[in-house]
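My notes follow the order in which I looked things up.

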Amino acid sequence: MPTANLFLVTQTLQNLLNLNVRALLKRVGSPAPITLNVTAMPPERVGAETNTLNLHLYHVMEDPFSKNDPPPGAGPNAVSRQSLTLMLYYILTAHHQVNDVFDAEIQQLLFGLALKTFHDFPRLTDTLKITPDTGGPKLVMPSGLIGRDNRFDLAMRALTPEEALGFWHADDSATTRLSAYFEVRPVIIEPEAPTATRGTVFDIGLFVSAGQAPRIDAVAGLLQFEPPPATGIGPQSIETVPARATLSVAPVNRITLRGTALAGDGTRGSATIVLRSAHWQALATPVRAAPIDPLLNPGWAVTIGPNEASFEMQPKLTIKLGGAPAFDIETTPGIYIVSVETTRTALTRNGTPRTTRQESGQSSFSLGPRIESASVNVKKRVEVKTKNLFDLTAAGLDVLVAVDGEIYAELAAFTGVALTDRGHFVRSAGKIEFHPLFDITVAGAHPVRLVVNGAESQPFWIIL
């Protein structure tokens with residue numbers, strides 16, 4: 001709502017007086033037709049005018065409540081980009097003389113209607129319209145302020161009669177004029193535009209540390225699948241962010257972390273990748289955080305660099321917590337949380353080593369089952385075989401099967417009755433078997449969705 005021209009504010013108040021006082025004169029029925037004039041001169045220079053309201057800007061102050069607002073953007077001379085917020089002070093007088101004869105009735109009529117106008121409109125916006133004595137509604141603000149969400153608050157100042165006398169004391173030969181005093185705020189003078197933008201703040205250093213905290217910007221994986229031959233597209237390999245990996249062999253089980261300061265101080269063991277899973281927290285001995293120790297897990301192929309780290313998900317993770325012996329936990333499909341924990345050591349000025357341990361923010365990725373093949377068995381049911389790297393029959397798994405967009409319900413075992421078994425599936429080691437809702441004698445491609453603990457397999461189609 002800034003403006004570069006103070007007179008636009010004065011013009012707004014003049015328009016308000018001109019439009020609304022004319023409307024009020026029509027309503028109250030003035031003694032004689034009045035053609036209203038609204039001027040902005042110093043009141044002692046108005047002279048022998050008729051039917052005149054004078055609104056004079058006599059003083060300006062800076063608004064202390066917005067004095068310390070921070071400037072936007074960046075660039076030299078920051079104070080020039082800071083908004084200058086002002087309070088404007090006006091004196092309102094009424095003037096009416098006919099043939100050099102002072103007419104108190106018309107003067108006081110106009111003055112009273114002007115006071116009522118300012119009382120009735122304490123806030124002026126760029127959408128305010130008033131219908132005067134003739135014509136349709138008219139905007140109060142001039143075009144230079146329209147469309148910039150301008151708004152001004154207007155208030156009458158409570159001056160005592162003695163304080164009002166002080167305004168006129170310079171002219172000892174003149175009587176104090178009938179006058180009222182008003183304050184308008186806030187009026188914002190347009191600041192200079194920033195010449196640069198500030199960078200994004202990714203972390204806030206609340207404590208003294210030996211180096212930058214690690215930060216993960218992206219978690220990526222590789223999704224490989226083969227569309228139906230009829231599409232002619234051929235095998236696909238797509239990077240997914242966040243990662244959507246599948247439990248199999250590289251590269252589809254590889255998780256890549258991208259960020260900054262991931263390698264700690266560069267020494268062995270100064271950076272560790274940490275995994276978290278709701279499945280692990282539900283174990284008899286809960287595991288809240290599982291660090292991937294490359295020495296205990298060589299098959300995980302852990303690599304950590306300053307800006308990129310990676311590892312390959314395996315069926316089991318060997319961890320060692322505290323002084324307890326190492327033990328294995330199963331990496332079933334599901335949603336995982338990953339972070340990087342770093343340790344940095346630096347020497348203080350007196351030669352004392354200072355070690356800082358920090359952890360990055362946590363990011364998520366999904367690890368889904370991997371479908372290897374699908375076929376129709378002799379019982380005219382479809383068998384979908386998965387990479388047998390986890391216990392698909394475990395009771396704690398949440399398994400969803402959908403074919404052609406239809407969700408199939410799970411059974412403990414098939415009944416052998418086709419009408420009962422249709423639209424149902426049964427789990428066994430390394431495979432899902434279901435009785436299809438579609439006709440297996442008709443050639444076609446049927447998309448399959450296999451979701452375990454919220455993590456989905458790669459796209460797969462049953463080809464008949």
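**Sheets, helices and a pocket**

I first looked up an open sheet of five strands, ordered S12-S11-S14-S18-S17, with antiparallel pairing; strands pair if DSSP finds at least two bridges between them. Helices (H or I, at least four residues) and strands (E, at least two) are DSSP runs numbered from the N terminus. At the edges I found strand S12 (236-240) and S17, each of which pairs on one side only.

I note that the model is predicted, that local features need pLDDT of at least 70 and side-chain atom pairs pLDDT 80 or more, and that totals for chains, interfaces and linings use all residues. Residues are numbered from 1 along each chain as its sequence is written, and side-chain values use heavy atoms, with hydrogens and water left out.

I then looked up the pairing of strand S11 (residues 215-225) with S12: the two run antiparallel and are joined by five bridges. Phe-225 stands opposite Gln-236 in S12.

**Six-stranded sheet**

I recorded an open sheet of six strands in the order S1-S2-S3-S10-S9-S6, with mixed pairing. Strand S1 (37-39) and S6 stand at its edges with a single partner strand each, so one side of each has no neighbour in the sheet. Direction ignored, neighbouring strands of this sheet are turned by 25 degrees against each other on average.

I went through the pairs one by one. S1 runs parallel to strand S2 (residues 52-62), with three bridges between them; Thr-39 has Asn-54 in S2 as its bridge partner. Strand S6 (residues 123-125) and strand S9 (residues 151-156) are antiparallel over three bridges, and Thr-125 has Arg-151 in S9 as its bridge partner. S9 also pairs with strand S10 (residues 179-189), in the antiparallel sense over four bridges, where Asp-153 stands opposite Arg-185 in S10.

H2 lies across S2, S3, S9 and S10 and runs at about 155 degrees to S3. Axes are lines fitted to C-alpha atoms, for helices over the stretch in contact, and angles run from 0 to 180 degrees between N-to-C directions.

I next examined the two helices together. The axes of helix H1 (residues 7-28) and helix H2 (residues 104-120) come within 9 Å and cross at roughly 115 degrees. Among the residues that meet are Leu-13, Leu-17 and Leu-24 in H1 and Leu-110, Leu-113 and Phe-118 in H2. I find eleven nonpolar residues, two polar and one charged in this contact. Ala, Val, Leu, Ile, Met, Phe, Trp, Tyr, Cys and Pro count as nonpolar, Asp, Glu, Lys and Arg as charged, and the others, Gly among them, as polar.

**Second largest pocket**

I noted 16 lining residues for the second largest pocket, with Arg-268, Gly-269, Ser-270, Ala-271 and Pro-294 nearest its centre. A pocket is an open set of points on a 1 Å grid over the protein atoms alone, where a 1.4 Å probe fits, with protein on both sides within 12 Å along at least five of seven lines; lining residues have an atom within 4 Å of a point. The lining divides into eight nonpolar, six polar and two charged residues. Strand S15 (271-277) and strand S17 (303-304) each supply at least two of the lining residues, and S15 gives the most, with three.

Definitions and conventions: Contact means heavy atoms within 4.5 Å.
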